[in-house]
Amino acid sequence: MSRWIKIAFFALLLIASGFFLGTVCKQISQSYELIMQPSKELLNLLILFLLAVAATIITAGLVAILLKPVWVAMIAFALSGLAILVGWREVTLVSGVLALAAIILGLYFAYKVDQEQKERIKFSLDPISRSLGVLSIALVLLACGSIYIGCAAHIEQEGFSIPESFTEPFIEPMKEQITSQMQPQVRHEAEAELEEQFQGMLDDFSEKTLQPYEEYIPLAIAGMLFFSLYTVTNLFSFIPLAVLNLIFLLLSAVGMTKIVRETQEVEKLVME
């Protein structure tokens, strides 16, 4: 198998992972209600995002290590960024800026891994793990940007309302405390009246306090979720790194890659 066929194969893997990540971003942007109301479906969406993150880290690591010179790897990262937009199927100013940011951070990741490789005397995955923070920021930015797009579209169409899942933990104990001593025949009516009063308070709060700042709510939600997603991504980053290590071992075993040892002259200034 020629060298350029191998380069094309690994570049296509990165491009495919970019397309997969773009489809996940599309699902995230369409799942505003899931994000605001934790559920099993939200957990499934988080798992899907982590799978896309793992696929991107693995393929990005393969490309950054194996594709030389570094400009070849950079072309693959740029094409992967375009594949994100294709998979997203929503070319807007926000998605375009996010894809561009992902490309820039991907290029920096490839450059940084290449430079650290050159400074090491023995091959290891340390250059990838040291530069993984840059790639993680790019991936989490894409997810948070998707959340922003979904929230902004929903609020523009229907306005912002506080989800019931946020209010139930407060209203249920209050209802129980107030109606616990009532007779069964009047308890149901009292609960309904309390719910109506509480909903009226929420509507009044939303109209007077939140509505003037509705346009900033999507940005606030995306910003608050950024650190949570970044933490989760870093916690699970050891898994794709372990898989990547196994892949490198397998590639060596089948003869697709090999370790090359070089002897170099080192010049130092010493005192006679």
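**Exercise 1. Find which ring the charged end of Arg 3 sits over, and give the distance to its centre.**

Solution. Start with the criterion: NZ of Lys or CZ of Arg must be within 6 Å of the ring centre and within 35 degrees of the ring normal. Next, look beside Arg 3: its charged end sits over the ring of Trp 4, 5.5 Å from the centre. Before going on, note that this is a predicted model, where local features need pLDDT of at least 70, side-chain atom pairs count only at pLDDT 80 or more, and totals for chains, interfaces and linings use all residues. Residues are numbered from 1 along each chain as its sequence is written, and side-chain values use heavy atoms, with hydrogens and water left out.

**Exercise 2. Work out how Phe 226, Phe 227 and Tyr 230 are linked into a cluster.**

Solution. Step one is the rule: rings of Phe, Tyr and Trp (its six-membered ring) pair if their centres lie within 6.5 Å, with planes under 30 degrees apart counted as stacked, over 60 as edge-to-face and the rest as tilted. A search of the whole structure finds four such aromatic pairs. Step two takes Phe 226 and Phe 227: their centres are 5.4 Å apart and their planes at 90 degrees, so this pair is edge-to-face. Step three takes Phe 226 and Tyr 230: with centres 6.1 Å apart and planes at 5 degrees, the pair is stacked. These two residues both lie in helix H9 (residues 217-235), four residues apart, about one turn of the helix; a helix here is a DSSP run of H or I with at least four residues, numbered from the N terminus.

**Exercise 3. Sort Phe 226, Phe 227 and Tyr 230 by accessibility class.**

Solution. Phe 226, at 18%, counts as buried. Phe 227, at 59%, counts as exposed. Tyr 230, at 23%, counts as partly exposed.

**Exercise 4. Identify the helices that give two or more residues to the lining of the largest pocket.**

Solution. First, the lining comprises 30 residues, of which Gln 117, Phe 123, Lys 258, Ile 259 and Val 260 lie nearest the centre of the largest pocket. On a 1 Å grid over the protein atoms alone, a pocket is an open set of points where a 1.4 Å probe fits, with protein on both sides within 12 Å along at least five of seven lines; lining residues have an atom within 4 Å of a point. Then group by element: helix H1 (3-29), helix H3 (40-66), helix H5 (93-119) and helix H10 (238-253) each give two or more residues.

Technical notes. Buried means under 20% relative accessible area, exposed over 50%, partly exposed in between (1.4 Å probe, protein chains only).
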